[in-house]
Amino acid sequence: LQGRQGTVMRAISALDIALWDLNAKTHGLPLHKYLGAVELESVPAYASGGYYLDGKTPEKLGEEMAGYVELGFRAVKMKTGRLSPKGEEARLKAARAAVG
């Protein structure tokens, strides 16, 4: 795990984060303000799911996506691209029917 993956990329990422933090501290700002955040009271979030599991039918996928909405998420994201276009169409239709 060397090169542009694994341990090397983790080390580069750690340095990158540290440098952003140092830049913000140099300017006397918390990092979120240094990066331009304007929403300070809340952070919008979405639920990510729809993973491909054995036996997960489009109907079960729809139930999963609806469950995220019931938990209060205003947006959901699902995995796509593993199946044929027809298979993905069935999944997408079930998710849309479940969450609108």
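Me: What should I know about the model before reading it?
Reply: The model is predicted, so local features need pLDDT of at least 70 and side-chain atom pairs count only at pLDDT 80 or more, while totals for chains, interfaces and linings use all residues. Residues are numbered from 1 along each chain as its sequence is written, and side-chain values use heavy atoms, with hydrogens and water left out.

Me: How many aromatic pairs does a search of the whole structure find?
Reply: Rings of Phe, Tyr and Trp (its six-membered ring) pair if their centres lie within 6.5 Å, with planes under 30 degrees apart counted as stacked, over 60 as edge-to-face and the rest as tilted. Here the search finds 1 aromatic pair: the ring centres of Trp-20 and Tyr-34 are 6.2 Å apart and their planes stand at 65 degrees, so the pair is edge-to-face.

Me: How are two packed helices described?
Reply: They are described by the angle between their axes and the distance between the axes. Helices are DSSP runs (H or I, at least four residues), numbered from the N terminus, and axes are lines fitted to C-alpha atoms over the stretch in contact, with angles running from 0 to 180 degrees between N-to-C directions. Helix 3 (residues 58–70) and helix 4 (residues 85–99) pack at about 35 degrees, with their axes 8 Å apart.

Me: Which residues make the contact?
Reply: Contact means heavy atoms within 4.5 Å; among the residues involved are Leu-61 and Met-65 of helix 3 and Ala-94 and Ala-98 of helix 4.

Me: What sits over the face of Tyr-52?
Reply: A charge sits over a ring if NZ of Lys or CZ of Arg is within 6 Å of the ring centre and within 35 degrees of the ring normal. Arg-91 lies over the face of Tyr-52, at 4.1 Å from the ring centre, and Arg-91 also belongs to the helix 4 side of the contact.

Notes:
Helix = DSSP H or I, 4+ residues; strand = E, 2+ residues; numbered from the N terminus.
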